[in-house]
Amino acid sequence: YQHTRLKPIFRGTAAMAQRFFALLVLTVVLGACAVRPPPAVVPEKPVAPKVTLEQATFAMLPGWANDRVADALPAFLRSCDRIERLPANRSMDVDGGSGTASDWRPACAAARTVPKGDERQARAFFEGHFIPWRVSDNGKTDGLFTGYYEPQIKGSLTRHGPYRVPLHRRPPELVMVDLGAFRDDLRGERIAGRVENGYLRPYADRAAIAEGALANRKLELAFVEDPVEAFFLQVQGSGRIVLENGQVVRVGFDGHNGYPYASIGKELIKRGVLSRHEASAQRIAQWVAENPTEGRKVLNVNRSYIFFRVLEGDGPIGAQGVALTPERSMAVDRVFIPLGAPLWLDTTDPRDQTRPLRRLMIAQDTGSAIKGVVRGDFFWGHGPEAYAAAGRMKQRGGYYVLLPKASTR
């Protein structure tokens with residue numbers, strides 16, 4: 001049947017017929033290719049963060065001989081005050097690789113015998129009681145190191161004149177939940193909210209509180225002039241309020257509303273307002289001040305809101321519950337690094353990118369934005385110089401954790 005239907009078409013040579021069939025086959029093949037769906041692309045699963053420790057020696061620590069490690073000893077002793085109060089069998093970290101509190105106590109006892117400021121004995125103490133371990137995330141030793149500081153801003157204990165922006169006490173109904181108390185694999189994770197009908201519900205976010213969600217409840221701790229200064233005070237977690245009579249009131253973290261931190265710098269980069277190298281605290285504050293209406297909306301992108309309490313004595317107080325030491329205390333992700341551990345930091349100085357910043361630090365704080373294995377936040381102290389350094393610090397680098405020889409690793 002097909003032969004008789006096609007026969008009248010081929011009145012030329014046999015070669016012409018062959019060419020026709022060749023074109024017909026090619027057309028069918030190409031048509032099949034056109035309609036065949038592309039192979040499915042299976043996205044790669046993200047690699048979960050994992051601490052990898054490689055044993056080192058003090059001679060391998062870049063710049064170890066050049067630091068004055070005696071300056072870090074007072075900070076370590078403050079951490080020892082907390083470590084010595086822990087139950088003896090309490091694991092210092094999530095997976096138990098950093099030993100228990102009892103493993104750290106001999107080092108703490110020895111630290112108390114070192115004369116204050118004695119560099120030779122301080123160095124002998126650290127080298128004699130600890131082993132340095134290179135920290136990596138699945139083998140990657142490079143990470144991000146930022147800085148924070150203790151803001152100092154003008155304020156008042158009453159709302160009047162220019163002082164209109166409130167800093168709030170922790171509301172009594174706010175419930176803070178340490179998830180690590182329920183499951184070991186959630187150590188370091190926290191949520192917050194309010195209980196309604198037997199269920200924990202989300203609390204008011206930053207925008208709702210700015211619109212008056214806490215108004216008329218007498219929760220105002222102090223009032224400041226600038227909403228941007230109040231915002232950065234919350235980001236830092238503590239600060240100093242200088243009253244009109246010159247008195248200084250130190251305030252510190254006393255809870256949060258349970259929402260994760262969102263970076264305003266990243267939001268402005270995303271909007272094309274700032275480039276990546278421009279996104280310092282100083283430049284962000286300038287942009288918000290120059291664009292107050294849009295600036296308030298951008299600030300509300302960070303739904304997290306911090307509540308404060310008045311601090312007495314030394315401060316500010318870190319997550320370990322001890323006063324922080326300028327340029328010796330560091331915030332870390334406690335899921336991976338034990339609080340109280342000495343850390344050898346190897347990065348660059350934000351004040352001069354050509355200079356290394358290598359020194360002995362103590363892990364004494366955490367932060368909602370400090371997530372990851374090789375991740376740290378360098379505490380610079382207070383004042384203009386600390387603000388300038390912290391606001392510009394976005395350095396790449398790495399670190400070593402010092403673990404006691406008595407630990408089981």
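Reader: Which conventions apply here?

Author: The model is predicted, so local features need pLDDT of at least 70 and side-chain atom pairs count only at pLDDT 80 or more, while totals for chains, interfaces and linings use all residues. Residues are numbered from 1 along each chain as its sequence is written, and side-chain values use heavy atoms, with hydrogens and water left out.

Reader: How many residues does the protein chain have, and what percentage of them is buried?

Author: Buried means under 20% relative accessible area, exposed over 50%, and partly exposed in between, with a 1.4 Å probe and protein chains only. Of the 409 residues in the protein chain, 44% are buried.

Reader: Is Arg240 buried or exposed?

Author: Arg240 counts as buried because its relative accessibility is 18%. Arg240 lies in strand S10, residues 238-242, where strands are DSSP runs of E with at least two residues, numbered from the N terminus.

Reader: Which side chains make polar contacts with the side chain of Arg240?

Author: A polar contact is a pair of N or O atoms within 3.5 Å; within protein, one must be able to donate a hydrogen and the other to accept it, and residues adjacent in sequence count only if both atoms are side-chain atoms. The side chain of Arg240 has such a contact with that of Glu150 at 3.2 Å, and another with that of His382 at 3.4 Å.

Reader: Where is Ile191, and how does its accessibility read?

Author: Ile191 belongs to strand S7, residues 190-196, and counts as partly exposed because its relative accessibility is 34%.

Key: Helix = DSSP H or I, 4+ residues; strand = E, 2+ residues; numbered from the N terminus.
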